[in-house]
Amino acid sequence: MKKTGLFLLLLATAAWAQSAADAASSDVPQGTAPTSASFPTERVQTPTYADLYCAGFISKQILPDANFVAGGLQTPTTTKFVRGDLIYMQGTGYTAGAEYEIVRALRDVNEYETFPGQKKVLKETGQPYEEVGRVKIVDTRSRTTIAQIEYACDGVNPGDTAIPFAEKPSVTFHAPIHFDRFLPASNKLSGRVVMGKDFDSAMGTGHKLYINVGANQGVKVGDFFRAVRSYEADLRDPVDSLSFKAAIAEDTQKKTPSVDPHMFTKTNGPVIHVRDLPRRAVGEIVVISVTPTTAPGMVIFSMEDVHAGDGVELDQVQ
């Protein structure tokens, strides 16, 4: 009887293993033999409160700046105010107990474009804003309203703009999945990373960035976008392209290849056209808020740095 039970258990285990293998094989895209390098397991990082409320945004419409920070309790010796500090607000419409978000219109002091045409793209996209913090109105009896900083992402400065505070929706996440690094392009919604938070040009897991598609294109909080890059982008990059132009890769190689050569750069070896190389996915981005034309996102998984200028494509993660 014990041998029979053990035999049945082995049969059941084998049947379960076979069904699991069949299910796994059914999820494998045709024409692939997945490995841990081509289909790594994607474990995502969940945004914190600071990620949601300190990400900043790009707005096509310039925000009104009639309400602004005029100073603080220790003015003029203190010009940056932090959580718990009392500050003075100028403008109209303030009521005791109301909460306001402090934002700052930004300008990029770096004149270098991180990808060709970035300045033009940013001008078309809108005005970048930093989310500096949140304040609560505590006294409206004077000509200048008094507020207390309840949360600070950065030092609040005189001149920063105040807008009514609004709660942001939370972001839900999926379980770990396999990340297809070489997923071919599709007809799903696509756009571009126009810049990183603080004008960063390279972003890793946990960093914030902005893409040039938004609510007008159907983007919503919680959407996932795949960041992708072609080798043609590397060829156009003034730094990365230098490796393509290296004359010799291996001293003992009789016929050295040439990459998209010109008349005077062609070698005696095979010709490599980077346009024929597969595009590669470099990371996964989750949308943490939206404007009509843009979406701030957070890199939740990265295989390598996500660059300003990289393409993004809506990823239907289940």
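Modeller: Happy to; below we chat about strands, a pocket, salt bridges and some backbone details.

Biologist: What should I know before we start?

Modeller: This is a predicted model, so local features need pLDDT of at least 70 and side-chain atom pairs count only at pLDDT 80 or more, while totals for chains, interfaces and linings use all residues. Residues are numbered from 1 along each chain as its sequence is written, and side-chain values use heavy atoms, with hydrogens and water left out.

Biologist: Which strands make up the closed barrel?

Modeller: Six strands do, in the order 10-12-17-16-13-19, with antiparallel pairing. From one strand to the next, the twist averages 45° (axes are lines fitted to C-alpha atoms, and angles run from 0 to 180 degrees between N-to-C directions). Strands here are DSSP runs of E with at least two residues, and helices are runs of H or I with at least four, numbered from the N terminus. Two strands pair if DSSP finds at least two bridges between them.

Biologist: How many bridges link strand 10 and strand 19?

Modeller: Three bridges, in the antiparallel sense, between residues 190-196 and residues 311-315. S190 has E313 of strand 19 as its bridge partner.

Biologist: Are R279 and E313 buried or exposed?

Modeller: Both R279 and E313 are buried. Buried means under 20% relative accessible area, exposed over 50%, and partly exposed in between, using a 1.4 Å probe and protein chains only.

Biologist: How many salt bridges does the structure hold?

Modeller: It holds 16. One of them joins the side chains of R280 and E304, at 3.0 Å from N to O. R280 is in strand 16 and E304 in the loop between strand 17 (295-302) and strand 18 (306-307), so this pair ties together parts that are 24 residues apart in sequence. R280 counts as buried because its relative accessibility is 10%, whereas E304, at 27%, is partly exposed. Salt bridges that share partners join R229, D234, R280, E304 and D310 into one network.

Biologist: New topic: which residues lie nearest the centre of the largest pocket?

Modeller: F115, A233, A308, G309 and D310, out of 24 lining residues. The pocket's space is about 570 Å³. Helix 4 (231-236) and strand 13 (224-229) each supply at least two lining residues, and helix 4 gives the most, with three.

Biologist: And what counts as a pocket?

Modeller: On a 1 Å grid over the protein atoms alone, a pocket is an open set of points where a 1.4 Å probe fits, with protein on both sides within 12 Å along at least five of seven lines; lining residues have an atom within 4 Å of a point. The volume is the space filled by probe spheres set on the points, which are joined across faces, edges and corners.

Biologist: Last one: where is the cis peptide bond?

Modeller: Between T75 and P76, with omega about 5°. P76 lies in the loop between strand 3 (68-72) and strand 4 (86-90).

Terms used: Salt bridge = Lys/Arg side-chain N within 4 Å of Asp/Glu carboxyl O.
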